[in-house]
Amino acid sequence: MSPDAPFLAPQKPAALREDLRLVADMIMPGSRVLDLGCGDGELLYFLVHHKNVDGRGMELSQGGVNACVRNGLSVIQGDADNDLRDYPTQAFDYIVLSQTLQATRHPHEVLRHLVRIGRHAIVSFPNFGHWRMRLRLLKEGRMPRTPVLPHHWYDTPNIHLCTILDFIDLCDEESIVVERNVTLDEQGRAYRLDPRGRLANLLAAQGLFMLAGKENSH
Amino acid sequence: MTVFAPPPTVPGQPSIDASRAAPESERPGFRLTVAEPLPLDSGVALAPYTIAYQTYGTLNADRSNAILICHALTGDQYVAEPHPITGKPGWWDILVGPGKVLDTERYFLICTNVLGGCMGSSGPSEINPATGTPWNLSFPVITIADMVRAQKRLIDHLGIEQLFCVIGGSMGGMQTLQWASAYPERVFAAVPIATAARHSAQNIAFHEVGRQAIMADGNWCNGRYIERGVRPARGLAVARMAAHITYLSEPALHRKFGRNLQNRAAISFGFDADFQVENYLRHQGISFVERFDANSYLYITRACDYFDLAAEHGGVLANAFRGTKTRFCSISFTSDWLYPTAENREIVHALNAAAANVSFVEVETDKGHDAFLLDEPEFHATLRGFLDGCAEHRGLNRR
C-alpha cells in the first residue's frame, strides 16, 4: 500500500474472507479483541467497524503493521512467541490466532498464553491430516504443497504443522477446554462433521477452534 | 583541565547576521507568567515563572482539538515559522501547517519553550526577579516532570480540559510519556517518537561530554558569563558537534560526506577542516551557539539524564500507565542508535502490560535519530492514520 493510500472502504460482512467471517461470527459485539498475526488488518477493521469491538492487533511484518496503523487500527509490531508475556491475565475477551500457530516456535507455550490473556482463544490452522497431504506424500513421496500450504520444505515459515487430532491431543494435555470447534473445507466453508472424528481429520483443510483455560470455561 | 582544540571556525561561512534577528521583546508568540509557585522535583518552589509558547490554528468551541507539541533538547516553540534568531524554517515545518499531518486548519497546536530553556521561558539566562540579575547556576535543577508541570499550568490557563494529543520526539517523547503518566485524563492520545522511558548510561555519557566541553571553556566563568559579557561559544559548539554525531547514523554520514575533501584537491597535512564532514560539524557547532544558551544546555541535558519513569513507579514501567485510557502510538526508526527501537519497544511492552491501547511502528530509514525531523513518508503516513483514527473516536469532524 502506498503511503497515500486512502482509508479502507468500510466492508460489508459479505466481503470478508469466508474463514475470517466464521471467526467474526464467534465474537460478541462490543468485546475486547486481540488479533495476533492480523496482517493488513482485514478482520480487525471489520470487527472494529461492524461489531464495535475494542480491537488491538499484533503483526510481524512491518508493512502489515504500518498499513493497519494508517487505517486507524491499534496494532503493534511483534510476534506470538516473544510478545505475549507482558499482557495481563484476562486482558481480552477474545484472542484470535488465525493461520499462525503452525509458524510459531513454541506452539504449546503460545496456547498457554492465549488462554491466560483471553477469556476465549480463537485458533485456526491448516490440517496436515487432510487427504490431499496424505495422498501427495503417499503417491509422490515428497513433502506436500497445496493451495493452503504452498511453500517448499526449505522456505516454509510453517515449522510446526499438525493434524486436527494432534491439536486436540495437545489441548487435552494442556488442560485447555475446547469450547467450540468447526472444520472447514478448502474454500473455508464449514463441514458438518464431528471434529474429533477420523473423517473430519481426513476431509477438513482447516480446523477452527474456540478455546478457554479450564478456570475460564463456562 | 583538558586543553580543547582551537575554536571551530568555518572559513567562508558567515555567522548569522545579528541585525536580522528580532529583538527579544518583539519575538512572535506568547508568554504566561505565573505567580503561584511551581513545586519542583528538587524540592524548590519556583515563583514566579514564565512559560513562553506559540500556537498555530484555532481552538474549537468545545476546546477538544488541542495538540501539545513537546520540543526536543535544543528545540523551541517556533515549530512552524521562521526562527526569530536564525531565520531558518520551523523545526517541524514539514509536519505542521495547513493540510499537513498536524493540520493547522483542523487542530489547535501549542508548543511551549521548556522550563530551563532560553527562548523566553524561565531558565538560567533569564533574570531572577528576586535579585535582578541572571539566574545562572542559581536556577534550580529541573526535571522532565517539572517541564510538564509547567506546561500543565499553561493548559489549565488556556481552559483546555483534555488535550486531543501530546506529541514529541526525543526529549519531547519523554515529556509526552510524562504527560500520559502524570495526567492520563488530560491526554486523549499520546505519540512518543524516537524516545525512551529512561536515559541509558550511553545517553548520560554523551550528555556529560557536552557539559564538560562547556565547563572547560574559559569563557564559561563558572556559569557567570552573562555578567562578564562573554559567551562559552567554543565549549557549546563542541558540545553540539559531539551531540550532532549521535543524531545521525554511520550510513547517513557516509552517504552525505564519505571521505570527500572540503574545497581542496588533496589533504593539507594540517588541522584545517580537510574533510567535508569536519566542515559540516563545525558549521553545526557555530550556528548552534548563535541561538542557544550554554547554561540552558547544562540544565536541559541534566533533566533528560534524570528521567526514569519506571523508577518513580516502583521500578515497574507498566505501573506508570495503569488504568490509562489514552491511545498511544509509539514510533521508532531503524537506524536511530541514540534512542534505539529496543528502548521504544520497552515502552510498548509496558503499555501492553497495562492493557493500554497502543500502536507501534518501526520506520525503516538510514537517517538515524534525526529522522523524526525529516521527510519520512512512512512515518508521516503512520502519524496521519493514527491521528485520523483518534479524531474519529474523539468525535472531531473531518475538514
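Student: Okay, where in chain B does B:Ala355 lie?
Tutor: B:Ala355 sits in the loop between H9 and E14 of chain B. Keep in mind that this is a predicted model.

Student: What's the phi of B:Ala355?
Tutor: Phi there is positive, about 55°, although B:Ala355 is not a glycine.

Student: And is B:Ala355 buried or exposed?
Tutor: Buried, because B:Ala355 has 22 C-beta neighbours inside 10 Å, and the cut-off for buried is 20 or more.

Student: Switching to peptide bonds: which residues does a cis bond join?
Tutor: B:Ala47 and B:Pro48, with omega about -15°. As for its place, B:Pro48 is in the loop between strand E3 (45-46) and strand E4 (49-56) of chain B.

Student: How confident is the predictor about chain B?
Tutor: The average pLDDT is 93, and 94% of the residues in chain B score at least 70. The stretch to watch is residues 1-20 of chain B, where pLDDT stays under 50. For those residues the model has 23 contacts beyond four places in sequence.

Student: And what ipTM does the complex get?
Tutor: The ipTM is 0.84, and the pTM is 0.90.

Student: What about chain B as a whole, how many helices and strands?
Tutor: There are 10 helices and 14 strands in chain B. Its C-alpha trace spans about 65 × 50 × 45 Å along the principal axes. The radius of gyration of chain B is 21 Å, which agrees with the value near 21 Å for a compact globule of 399 residues. Of those 399 residues, 51% count as buried.

Student: Now chain A. Which strands does E1(A) run parallel with?
Tutor: Strand E2 of chain A is one, joined to E1(A) by five bridges. Strand E4 (residues 92-98) of chain A is another, joined to E1(A) by four bridges. A:Val33 has A:Gly55 as its bridge partner in E2(A) and stands opposite A:Tyr94 in E4(A).

Student: How covered is E1(A)?
Tutor: Mostly: four of the five residues of strand E1 (residues 32-36) of chain A are buried.

Student: And what does E3(A) pair with?
Tutor: Strand E2 (residues 54-59) of chain A, in the parallel sense, over four bridges. Within that pairing, A:Met58 has A:Ile76 as its bridge partner. The chain gets from E2(A) to E3(A) through helix H3 (residues 62-70) of chain A, in a right-handed β-α-β crossover.

Student: Which residues of E3(A) are buried?
Tutor: A:Ser74 and A:Ile76 on one side, and A:Val75 and A:Gln77 on the other, so both faces of that strand are covered.

Definitions and conventions. Residues numbered from 1 in each chain as written. Chains lettered and ligands numbered in written order. Predicted model: local features only at pLDDT ≥ 70, side-chain atom pairs only at ≥ 80, totals over all residues. pLDDT = per-residue confidence, 0-100. Contact = placed C-beta atoms within 7 Å. Buried ≥ 20, exposed ≤ 12 C-beta atoms within 10 Å, placed from the backbone. Helix = DSSP H or I, 4+ residues; strand = E, 2+ residues; numbered from the N terminus. Pairing = 2+ DSSP bridges. Right-handed = clockwise from strand over helix to strand, strands pointing away. Rg over C-alpha atoms; globule rule 2.2 N^0.38 Å.
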